[in-house]
Each structure stands twice: as C-alpha cells, then as structure tokens.
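Open the model in your viewer and keep the selection tool ready. Each stop below tells you what to pick and what is there.

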Amino acid sequence: MLSDETIAQIAAELAEADRTHAVIPRITARYPEATVEDSYAIQGVWRDQNLAAGRRLVGRKIGLTSKAMQQATGITEPDYGVMFDDTVYPSGAEIPVDHFSNVRIEVELAFVLKQPLAGPDCTLEDALAAIDYAVPALEVLNSHIELEGRTIVDTISDNAAYGAMVLGDVHKRPDEIDLRWVPGVLSRNGEIEETGVAAGVLGHPATGVAWLANKFHQHGARLEAGEIILAGSFTRPMWVSRGDEVLCDYGPMGTITCRFI
C-alpha cells in the first residue's frame, strides 16, 4: 500500500499531465508495490479535486469489459472511472485533438439510469430494471501514462483512460431492442477500421452496469438515478489524429459522427 503522501503526489502528477496533455512514466515501474486499492485512491483524490474546482460528475465509465479490449491492452479485468459534464459531446461535434493524449476511439453503448442501483448482489436483470434507456456512444481515450507495460493499476489511476464521449441521438429502452446484437461499424475517413457487436461486452452490455454496482458496494456507494454509465467497448481502440472524420454505424440505433480538429 502506498502512503497518503505518495497517493497525493501521483494524483498531482496526473492532474498536471491532464492540464498540459502530457504523458508520465508508468506508476507501476516506479512503485511496484502499488495495489488496485491504491489506484482507486489516486483516482479519488484527482476526482475530488475536480469536483472542488466546480466540475460536475455526470456518470461513470467501465473499461476493459470485452476480450477485444483486454487483448488490446494485456489487462484482463474491468476498471472504472468518472465522467464530468464538460466531457460530453453530441454527434456531429468537432473535438480538439490537443485536449487529449494518446487519442483513440472506442465503440460502446451508454445507459442512463432511472433509479438508483446498489450491490452487493446486483444481477443483469436488476441492472436492466434500473436502466431508463440505452444510447450509442463513442469514447475518446485519453492516456496520461506511457502505454508500454502498463497494468490495471496504471489505468485506474489515470481515470481508466477516459477523455470524453460522443453520444448518439437514438434512445432505446431495454425492452425495445435486444441490446446484445447492436452492431458497431467504425470508420475513419470513409474506411471501415473496426466492427463488433455489443454482446462482446461480458455477453450483454448491461452486465457491466451490474458489475459496477457490486464494485461500488465494496466502497459503501451506489449508482444514482440520472447517471450515465458508459459500458465498455466492443471493438479494439482506433487511433485518431487531427483532421480525421469518424463515423460509427450502430444499425437500428443510428449513427454517430465527429471530427477531430
């Protein structure tokens, strides 16, 4: 376990890297004794400082929930981070690439809760009952820690590499569509780069919502009504650069576009 002083120091490093869009050396290379609990403590210090500065929390992201993402990162367990109101873009948005580091795009579904959801024994059925609607989403990854050799401890500390999300326009209640079979066809500058279906996320994209509720219970917390839960990617991450036009086709749930400037 890391000391409170070390946790605060790493959180300050990550805050500065976020401010300057820089990358810092791996935490686990410098502190091999760091645990998952330490990494959530680092994330928590960073989160609380942002809330104190006036940012508003609108939801949570779940990461590394699919085999595609686990194979892409070499990390085999999910993680989670927080999402602030100033990181949410509508479809068609122009996104400044300089706001992020190691910029990549993931294909996901997001869920908006209509009622609180708590563990410890939350099931997929419980999660579906608590969800108001699903909406397609692209996640913009933003990694402030060197990618080579990173572990779950590094990614959690860095707010699970969350940068922003782009939300689509089509809302579907869980009883209106079989969410497992929502497709994602991701294109960059007119060329298809990644494809997948939402079942790639733990068998059902809402399974991660139940997982997160149970994880939160360990910290004496719950998911609240109105929160957006970004459920994890069912494709590998796609690198993007300034000038790239991105389009993702979600079949019956419409399309999302954005451009990086």
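**Stop 1: the cavity**

About 120 Å³ of space lies in the largest cavity. This is a predicted model: local features need pLDDT of at least 70, side-chain atom pairs count only at pLDDT 80 or more, and totals for chains, interfaces and linings use all residues. Residues are numbered from 1 along each chain as its sequence is written, and side-chain values use heavy atoms, with hydrogens and water left out.

What is a cavity here? On a 1 Å grid over the protein atoms alone, a cavity is a set of points where a 1.4 Å probe fits but cannot get out; a pocket is an open set with protein on both sides within 12 Å along at least five of seven lines; lining residues have an atom within 4 Å of a point. Grid points are joined across faces, edges and corners, and a volume is the space filled by probe spheres set on the points. Rolling a probe the size of a water molecule over the atoms shows where empty space is left.

The structure holds one cavity of 30 Å³ or more. Select Leu 64, Met 69, Glu 106, Ala 160 and Ala 161: of the 15 lining residues, these lie nearest the centre of the largest cavity. Helices (H or I, at least four residues) and strands (E, at least two) are DSSP runs, numbered from the N terminus.

What classes of residue make up the lining of the largest cavity? There are six nonpolar, four polar and five charged residues. Ala, Val, Leu, Ile, Met, Phe, Trp, Tyr, Cys and Pro count as nonpolar, Asp, Glu, Lys and Arg as charged, and the others, Gly among them, as polar.

Stay on Ala 161. Ala 161 sits in the loop between helix H6 (152-157) and strand S7. Its phi is positive, about 60 degrees, although Ala 161 is not a glycine. Ala 161 has 7% relative accessibility and counts as buried. Buried means under 20% relative accessible area, exposed over 50%, partly exposed in between (1.4 Å probe, protein chains only).

**Stop 2: the largest pocket**

Select Asp 18, Arg 55, Thr 87, Asn 142 and Gly 163. Of the 23 lining residues, these lie nearest the centre of the largest pocket. The volume of the largest pocket is about 380 Å³. Helix H1 (4-20), strand S2 (79-84) and strand S7 (162-167) each give at least two residues to the lining. Which element gives the largest share? H1 does, with four residues. By class, the lining has 10 nonpolar, eight polar and five charged residues.

**Stop 3: the second largest pocket**

The second largest pocket has a volume of about 290 Å³. Select Tyr 40, Arg 47, Tyr 80, Phe 216 and His 219, the closest to its centre of the 15 residues that line it. Helix H3 (36-52), S2 and helix H7 (207-217) each supply at least two lining residues. The largest share, seven residues, comes from H3. Seven of the lining residues are nonpolar, four polar and four charged.

Now follow H7. Its buried residues include Val 209, Leu 212 and Phe 216. Among the elements that cover the buried residues of H7 are S1, S2, S5, helix H5 (124-130) and strand S10 (228-230).

**Stop 4: loops**

Go to the loop between S5 and H5, where you find Pro 120. A cis peptide bond joins Gly 119 and Pro 120, with omega about 15 degrees.

Next, pick Asn 102 in the loop between strand S4 (93-95) and S5. Phi of Asn 102 is near 50 degrees, a positive value in a residue other than glycine. Is Asn 102 buried or partly exposed? Asn 102 is partly exposed, with a relative accessible area of 23%.

**Stop 5: the whole chain**

Zoom out. The chain has seven helices and 13 strands. Its radius of gyration is 17 Å, close to the 18 Å that the globule rule gives for 261 residues, so the chain is as compact as a globular protein of that length. The radius is taken over C-alpha atoms, and the rule is 2.2 Å times the number of residues to the power 0.38. Along its principal axes, the C-alpha trace spans about 50 × 45 × 35 Å. Of the 261 residues, 52% count as buried.

Definitions and conventions: Contact means heavy atoms within 4.5 Å.
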